[in-house]
Structures are given as C-alpha cells and as structure tokens.
Amino acid sequence: MRLLSKKNFSSLVAVAVSSLLCADVEAFLPSTARRSGDLLRRLHTPSYGTLRPPSPLFMSTALYQMDRMPTNSTFPHPPPSRPVPQKRSRRRRSDVKRKKRPPSPPLAPPPLVPSALTVEELYRAIKHAHKTRRESDLELLTEFLTVRTDASFGYGYRGSLLSRAAVAALSLRRMDLAAVLLAVRRRDHSGAAAPTESAALVRALDRAGRRREAKYVLEDELPLPSVFEEKGGAQVSEREREVLIQRTLGLRSIALWDFLSDDARGGVEAMRRVRELGPMARRIQVDMEEELRMNWERLIEVAEQCQALRKERMEKEQEDGCDLVRSVLEARKAFFQNMPM
C-alpha cells in the first residue's frame with residue numbers, strides 16, 4: 001500500500017476530525033432549536049447528512065502512519081520562531097557602589113542645670129563629668145555646690161557631693177576647683193564624712209601629687225579609734241571597724257606614692273604605721289581578700305624599683321629602716337599569723 005505524504009496526511013486528518021465534530025452539532029443544540037426548522041435556518045447550520053464517516057481502513061491507515069512517524073521529525077519549512085527577547089542585565093544592589101552618606105554630627109548634650117537636679121541626679125552628673133572629662137559641667141557643679149547651696153542642702157548629702165566633686169576635679173587636674181571644694185567641705189562638714197569617701201580623697205590627693213594634704217586628710221578624718229589602744233578592739237562598732245580598714249588603705253596609698261616619688265623615708269615611715277595596724281586587724285577578724293585588699297605584690301615591686309634607684313645614686317644608708325623591701329615584708333607579716341618573710 002502506498003504511503004501518504006505528510007501534506008496529504010495532515011489534510012486527511014483535519015477532514016476526519018472536522019466531520020466527526022460536525023456530525024454531532026445537532027446533539028448539542030437545545031431541544032427547541034431542534035424542533036424549529038426556522039431557527040436552524042436562521043442559525044445557518046449546514047446539513048451534513050450526505051457526509052459519511054471515514055472508513056475503518058482509512059482510520060487504521062492514519063493511525064498506522066501516526067505510529068510510524070517519528071515524534072521529533074521536522075517539517076521542511078518550519079514556521080519562523082519568535083525571537084527570544086534578550087534579558088536586561090540588572091545590577092545587583094550589592095555590586096552598585098553607592099555613595100556613603102557622611103555621618104551625622106553627634107547631638108550636643110543639653111545644657112546642665114544643676115538647680116533643676118535631684119541629689120541622685122547630681123551624683124550621676126558628677127560621675128558623668130568625671131568619666132567624659134567635661135570641665136565645663138564640673139565648673140557648673142562646683143559653683144552650684146559651693147555658692148548656691150548651704151550645709152542643709154540635700155538632707156545632709158552635700159558633704160558627700162563635695163567629696164565626689166573634689167575627687168573628679170583632682171582627677172582632671174583642676175586644682176583650683178579642688179581647692180574650693182575642699183575648703184567648703186572642711187568648713188561646713190568637718191567630721192561628718194564617710195570613711196570610704198575620706199580614703200578615696202586621700203588616694204586622689206596622692207595621685208595628684210598633693211601628699212602633704214593627703215596626710216592631713218588622713219589624720220583629720222581617719223584617726224585611729226581609741227578602742228584599739230592598749231590591745232583593745234574585741235568589741236567595736238561598725239564605723240570604728242570601717243575607719244580602721246580605710247585608714248590602713250590610706251596609709252598603703254601614701255607609702256605607694258612615696259616609693260614612686262623616690263621618697264624612701266616617707267615610704268618606710270608609712271609602712272611602719274601600716275605594720276602597727278596589723279594586730280588590730282587580726283583581732284577584729286578583717287577579711288584580707290574582700291575588705292582589706294592591700295596588693296602586697298605591687299608594694300614590693302615599687303619598693304624594689306625605689307631601692308634600685310637609690311643604689312644607682314650610690315646613697316648608702318646606715319639605718320636598718322631604709323631597707324625598703326624589708327619594711328614591706330614586715331608589714332605584710334603583721335597581718336598574717338605564722339607567715340614567713
């Protein structure tokens with residue numbers, strides 16, 4: 001049997017499919033339309049009564065050729081394909097080098113008005129001025145505390161505020177402000193300072209090089225309580241206990257800065273006074289790790305440095321007390337029982 005060409009095959013398949021569809025057109029029309037011939041004529045429905053369905057031989061031949069025809073066969077003249085649109089290259093945001101905006105200038109802090117602050121806010125303002133080294137704020141606070149307030153300001157906390165401000169002024173090397181604050185504090189609040197604040201003031205004066213004033217504050221505000229005289233001190237109050245601890249720490253600071261300033265005699269004298277407080281601290285059972293942090297290693301280190309400088313200058317001292325390291329070791333032994341030097 002002769003095979004049909006591709007062109008004839010496609011036309012025959014199209015005729016067969018159309019005849020099958022058109023044969024059942026009347027089946028899909030409404031019943032009223034099928035009864036009415038006028039409506040069928042109005043719709044111009046052609047009559048397919050004369051057409052016959054394709055023969056079984058034709059259909060088998062068509063199916064056979066469809067089975068034999070490869071699926072990937074191409075026609076001799078394929079239709080022109082639609083041009084593929086080219087994709088636009090889009091820049092990624094990460095690849096684009098954007099101009100960095102200049103950082104916005106920091107906002108200026110609001111002006112300090114000490115008269116509008118509470119006592120707690122004044123403490124925070126002094127601490128902030130000390131930490132940020134804002135001398136203008138410290139000047140405003142000094143003027144407010146020394147000129148615009150009296151001894152009854154802040155329910156008795158004015159002396160504590162003056163001590164904190166004086167420590168901040170000494171740390172910033174503003175000796176003029178520190179002198180005014182200390183003078184007002186000594187005039188209005190003498191003997192009413194807390195032991196911790198007095199010891200902090202002694203350390204600040206030592207760091208600023210005012211060792212004579214530090215010794216004056218130590219003897220004036222942290223004197224040895226009378227209860228510790230003649231081997232007493234078994235029953236002491238909490239304040240007397242705190243005074244003994246802070247006095248020891250103050251003497252330790254004086255000895256340290258004397259050694260750093262190459263004042264060997266002053267350092268040895270301070271360590272002798274520290275040694276005298278050792279038995280008293282043992283009697284009241286002071287915790288050497290939490291309450292009394294002496295940092296003996298640092299004291300021994302600065303004593304060795306000072307002694308090395310003295311040897312370089314060939315200054316030979318005949319007194320036994322000028323053995324700097326030995327003075328520190330003897331003071332440490334006084335605070336600990338059965339401790340070798």
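Biologist: Why is the crossing of helix 5 and helix 6 called left-handed?

Modeller: The crossing is called left-handed because that word applies when the near helix is turned anticlockwise from the far one by less than a right angle, and right-handed when clockwise. This is a predicted model, in which local features need pLDDT of at least 70 and side-chain atom pairs count only at pLDDT 80 or more, while totals for chains, interfaces and linings use all residues. Residues are numbered from 1 along each chain as its sequence is written, and side-chain values use heavy atoms, leaving out hydrogens and water.

Biologist: What makes the contact between helix 5 and helix 6?

Modeller: L122, A125, I126 and A129 of helix 5 meet D137, L138, L141, F144 and L145 of helix 6, contact meaning heavy atoms within 4.5 Å.

Biologist: Why is R241 called buried, and E291 partly exposed?

Modeller: R241 has 15% relative accessibility and E291 has 31%; buried means under 20%, exposed over 50% and partly exposed in between, with a 1.4 Å probe and protein chains only, so R241 is buried and E291 is partly exposed.

Biologist: What makes E120 exposed?

Modeller: Its relative accessible area is 55%, so E120 counts as exposed, whereas its salt-bridge partner R124, at 49%, is partly exposed.

Methods. Helices (H or I, at least four residues) and strands (E, at least two) are DSSP runs, numbered from the N terminus. A salt bridge is a side-chain nitrogen of Lys or Arg within 4 Å of a carboxyl oxygen of Asp or Glu.
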